[in-house]
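Subject: Structure handover

Hi there,

Here is the structure I promised to pass on to you. Please open it alongside this email, and my notes follow below.

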Amino acid sequence: MIDLNRYGWNDKLNQLKQESTYGTLTHGRVAIVHRTCYEVVAGSGVFRCELTGNMMYGKSDFELPCTGDWVIFQPFDEGMGIIVDMLPRSRTLSRRKNGTVAEKQAIAAHVDKAFIVQSLDDNFNVRRAERFMVQMREENIIPVLVLNKVDLGFDQQKVEEQIRHVTRQIPVFYTSIHESRTIFRLREFIAAGETVVFVGSSGVGKSSLVNALCEKSVLLTSGISQSTGKGRHTSTRREMVLMDGGGVLIDTPGVREFGLAVDDSGALDEILEITDYAQSCRFKDCEHINEPGCAVLDAVSRGILDRQVYESYLKLRRETWHFSASEHEKRKKEKSFTKLVDEVKKRKDHF
Ligand SMILES: Nc1nc2c(ncn2[C@@H]2O[C@H](COP(=O)(O)OP(=O)(O)OP(=O)(O)O)[C@@H](O)[C@H]2O)c(=O)[nH]1
Ligand SMILES: [Mg+2]
Ligand SMILES: [Zn+2]
């Protein structure tokens, strides 16, 4: 028997299940998404499940189950099942799909915390961290910055200077898989039943950190494998594992680019601390570009607000505007299309 509470199951989810037409069937959490099937952890074991046609029909990629989703399924054979429903999502980590303007891709659902992992070598980049922070804040996921590979040595003062504004907003951890003390502190920060997703570039040590936290090799890393003597494994899928003593960890493959899928820049203003100043701008609709009496520009010129943070803000804001404008445009088109179909139907009925 598997205790699903350890996987984050709770009263609220149970309530949602009761509201489903299939409330009496088995529920479970998606651990891995394969091309055509889903590995689902349920009370009586792990099942390989497929979707019913109904679940697939007319759905965008975003609406199909992703890692971390809670689903309801009908077991039909030893370890096999058919997914018939998915519980409503909350706190879904998504990003803009590569090569699209406004298409969202779901990465992990029902997430409590996100560990934004960077390694303290060339990979360290505060602008990239800000980008992740904005996305997390938008979804009400708690962002946490994890600076890994401290054992390699780095200029601590320089790093601290660059992340000062980040430190004011979110927790920051310095870690190394070779220093158990740092792993211990990170583990303490993950409560039982809590879901943590790991994001960041390839090679920063996401899978290694998951293994270190679990105190065993549950995931392949690009380290040298002791059994084969070969190295260079880069993660290719999102995978959910359980940490001893509670905590659900979701590892993700490193991404080159993380396009924002943010619909309103409120989260951005807040996390980059623009709101603090914007309240004092002369005009309510001030865009903080060249307006007279702009308190944000004033803060920049007085050196209270770091110019690089301000520039990063403008850049990210442009991106969120672009995303939400295109999304609204898309919705409008869909609506007018539905209307057209309805009219055609009505006309048909008429004849
Ligand atoms: N020195 C040092 N090396 C580390 C540390 N953490 C991970 N590594 C090494 O960094 C390399 C990459 O680690 P992975 O865990 O595979 O990185 P990843 O972030 O999962 O990479 P992708 O799966 O490609 O996204 C491996 O060779 C690890 O052994 C650390 O704290 N210190
Ligand atoms: Mg990995
Ligand atoms: Zn302003």
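What arrangement do the 4 donor atoms around the zinc ion (ligand 3) make? The arrangement is tetrahedral, because the angles they subtend run from 104 to 116° and the criterion for four donors asks that all angles lie between 85 and 135 degrees. For comparison, the ideal angle for four tetrahedral donors is 109.5 degrees. Before you go further, please keep in mind that this is a predicted model.

The zinc site

The protein donors of the zinc ion (ligand 3) are Cys281 (SG), Cys286 (SG), His288 (ND1) and Cys294 (SG), at 2.1 to 2.4 Å from the ion. Written as a sequence pattern, the spacing of these donor residues is C-x4-C-x1-H-x5-C.

Ser207 belongs to helix H7 (residues 206-214), while Ser235 sits in the loop between H7 and strand S12 (239-242), so the pair ties together parts that are 28 residues apart in sequence. Both Ser207 and Ser235 are buried.

Ligand 1 has 22 residues around it, of which Asp151, Ser202, Ser208, Thr234 and Gly254 come nearest. Here are some polar distances that you could check on screen:

- Ser208: an N or O atom in its side chain is 2.5 Å from an oxygen atom of ligand 1.
- Gly205: a polar backbone atom is 3.0 Å from an oxygen atom of ligand 1.
- Asn148: a polar side-chain atom lies 3.1 Å from a nitrogen atom of ligand 1.

Taken alone, ligand 1 exposes 660 Å², and the protein buries 88% of that.

Salt bridges

How many salt bridges does a search of the whole structure find? The search finds 13, and a few of them are described here.

Arg91 and Asp112 meet through their side chains in a salt bridge of 3.0 Å, N to O. This pair links distant parts of the chain, 21 residues apart: Arg91 is in the loop between strand S5 (80-86) and strand S6 (93-96), and Asp112 is in the loop between strand S7 (104-108) and strand S8 (113-119). Arg91 counts as partly exposed at 28% relative accessibility, and Asp112 counts as partly exposed at 23%.

Arg137 forms a salt bridge with Glu270, and their closest N and O atoms are 3.0 Å apart. Since Arg137 lies in helix H3 (residues 126-138) and Glu270 in helix H8 (residues 266-271), the pair ties together parts that are 133 residues apart in sequence. Arg137 is partly exposed, with a relative accessible area of 21%; Glu270 also counts as partly exposed, at 43%.

Asp298 and Arg302 form another salt bridge, with the closest N and O atoms 3.3 Å apart. Asp298 counts as partly exposed at 34% relative accessibility, whereas Arg302, at 57%, counts as exposed. Elsewhere, salt bridges that share partners join Asp61, Lys97 and Glu103 into one network.

Happy to talk any of this through.

Best wishes

Terms used
Residues numbered from 1 in each chain as written. Chains lettered and ligands numbered in written order. Predicted model: local features only at pLDDT ≥ 70, side-chain atom pairs only at ≥ 80, totals over all residues. Heavy atoms only, no water. Donors = N, O, S within 2.8 Å, 3.2 Å for Na, K, Ca; no water. Tetrahedral: all angles 85-135°; square planar, octahedral: opposite > 155°, others 65-115°. Salt bridge = Lys/Arg side-chain N within 4 Å of Asp/Glu carboxyl O. Helix = DSSP H or I, 4+ residues; strand = E, 2+ residues; numbered from the N terminus. Buried < 20%, exposed > 50% of the residue type's maximum accessible area, 1.4 Å probe, protein only. Near = heavy atom within 4 Å. Polar contact = N/O pair within 3.5 Å; in protein donor to acceptor, adjacent residues only side chain to side chain. Areas by Shrake-Rupley, 256 points an atom, 1.4 Å probe, with all protein chains shown as cover.
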